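User: I have a protein structure open and I'd like to go through it in short steps. Can you help me read it?

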Amino acid sequence: MTTSAPRWIYAFAEGDGRNKLLLGGKGANLCEMTRIGLNVPPGFVITTEACLAYLGDVGRNLPAGLLDTARTEMASLERQTGKRFGGGDDPLLVSVRSGSAMSMPGMMDTILNLGLNETTLAALIRHTGNERFGYDAWRRFIQLFGKVALGVPDALFDEQFEAVKSRVGVKQDVMLGADELREIGSRFLQVVQRHTGQPFPADPYEQLEIAIKAVFNSWTGKRAIDYRREFKITPALANGTAHAGTGGRAFVLVEDEDDMVTVTIRDEGVGVSPNRLVDAVRFVPRNNTASGWNPAPIVAFVPGVVG
């Protein structure tokens with residue numbers, strides 16, 4: 001009797017919302033909300049079995065076929081959103097987020113604005129008409145991806161950031177203009193090159209693969225291990241998954257045996273109107289375990305970009 005190949009990914013419309021051990025808490029809930037007809041942006045879940053297979057592989061390779069299926073699902077997101085991952089006109093950006101069948105707040109890693117590169121950055125600036133916003137999102141992505149996925153110490157980025165602020169003569173990040181933020185982004189790219197010996201990855205699908213692995217790996221990070229030990233969370237109590245979706249913002253959540261990552265996009269219907277992409281000043285929390293930035297006002301909220 002032949003054995004069917006494992007299924008690593010489920011669309012929200014296909015997943016069993018009761019199966020948190022396979023889909024993780026967030027993934028299962030998104031599937032359930034989709035099933036009952038709520039206005040949930042379409043997306044997909046990478047199963048806990050995929051994470052277990054990855055962590056159990058000596059070479060830490062993602063399971064065979066997973067990335068091909070992820071590409072197929074991303075193409076579906078593109079069709080449903082009208083955006084293109086890595087596109088030079090209206091780019092689709094995603095976030096790689098973590099989670100668990102049992103809540104582990106702040107214990108896993110997160111990557112926002114995945115898919116940014118020089119091409120999509122230029123499109124983002126054209127789309128919003130806001131250079132400062134674009135370059136701010138770009139430098140944030142480089143630092144966060146560099147830290148979480150490439151192992152570059154925050155201190156190396158902070159040194160360059162503070163050097164620019166000192167030269168300009170400002171103390172608050174919000175006092176920096178588009179030109180200064182563009183320079184900081186360039187400096188951050190050099191930091192990555194010097195520390196890793198490789199240029200910052202520009203291919204969005206290369207970024208996606210690296211990010212999924214990084215979030216899976218964060219399950220074995222000291223912070224996550226200490227939390228599970230403190231609250232006696234065992235593999236039998238919490239399994240990991242990953243899910244992806246569409247709307248105004250995308251998240252890629254990847255879970256391992258107790259951890260999850262999701263690819264999903266916030267529905268513009270519950271965010272900012274697509275006709276009002278740059279219309280207000282918002283005060284957003286930036287001091288969290290994923291970013292490390294202090295709260296400060298921003299000049300725009302753009303669906304599909306701000307995490």
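This is a predicted model: local features need pLDDT of at least 70, side-chain atom pairs count only at pLDDT 80 or more; totals for chains, interfaces and linings use all residues.

User: OK. How many helices and strands does the protein have?

Analyst: Nine helices and eleven strands. Helices (H or I, at least four residues) and strands (E, at least two) are DSSP runs, numbered from the N terminus.

User: And how much of the protein is buried?

Analyst: 54% of its 307 residues. Buried means under 20% relative accessible area, exposed means over 50%, and partly exposed is in between (1.4 Å probe, protein chains only).

User: Let's do helices. At what angle do H4 and H5 cross?

Analyst: Roughly 145°. H4 covers residues 118–128 and H5 covers residues 131–148, and their axes come within 8 Å. The axes are lines fitted to C-alpha atoms, for helices over the stretch in contact, and angles run from 0 to 180 degrees between N-to-C directions.

User: Which residues meet there?

Analyst: From H4, Leu121, Leu124, Ile125 and Thr128. From H5, Glu131, Phe133, Gly134, Tyr135, Ala137 and Trp138. By class, that contact has seven nonpolar, two polar and one charged residues. Here Ala, Val, Leu, Ile, Met, Phe, Trp, Tyr, Cys and Pro count as nonpolar, Asp, Glu, Lys and Arg as charged, and the others, Gly among them, as polar.

User: Stay on H5. How many of its residues are buried?

Analyst: 16 of 18, so H5 is mostly covered. H5 reaches 26 Å from its first C-alpha to its last, close to the 26 Å expected at 1.5 Å a residue. The expected span is 1.5 Å times one less than the number of residues.

User: What happens at the start of H5?

Analyst: A side-chain oxygen of Asn130 reaches to within 3.2 Å of the backbone nitrogen of Arg132.

User: Is Arg139 buried or exposed?

Analyst: Arg139 is buried, with a relative accessible area of 1%. Arg139 lies in H5. Its side chain makes a polar contact with the side chain of Asp136, at 2.8 Å. A polar contact is a pair of N or O atoms within 3.5 Å; within protein, one must be able to donate a hydrogen and the other to accept it, and residues adjacent in sequence count only if both atoms are side-chain atoms.

User: New topic: H8. Why is H8 called largely enclosed?

Analyst: Because ten of its 14 residues are buried. Among them are Pro204, Tyr205, Leu208 and Phe216. H8 runs over residues 204–217 and reaches 20 Å from first C-alpha to last, close to the 20 Å expected.

User: Which residue caps its N-terminal end?

Analyst: Asp203. A side-chain oxygen of Asp203 lies 3.0 Å from the backbone nitrogen of Tyr205.

User: Where is Ser218?

Analyst: In the loop between H8 and H9 (222–230). Ser218 counts as buried, at 7% relative accessibility. Its side chain reaches the backbone oxygen of Val215 at 2.7 Å. The side chain of Ser218 also reaches the backbone nitrogen of Asp109 at 3.4 Å.

User: What else is Ser218 in contact with?

Analyst: Leaving aside neighbours within four places in sequence, Ser218 is in contact with Met108, Asp109 and Ala224.

User: Last one, backbone angles. What is phi for Arg60?

Analyst: Near 50°, a positive value in a residue other than glycine. Most residues other than glycine have a negative phi. Arg60 lies in the loop between H2 (48–56) and H3 (66–81). At 30% relative accessibility, Arg60 counts as partly exposed.

User: And Lys232, buried or exposed?

Analyst: Lys232 is exposed, with a relative accessible area of 65%. Lys232 has a positive phi too, of about 55°. Its place is in the loop between H9 and strand S7 (242–245).

Key. Residues are numbered from 1 along each chain as its sequence is written. Side-chain values use heavy atoms; hydrogens and water are left out. Contact means heavy atoms within 4.5 Å.
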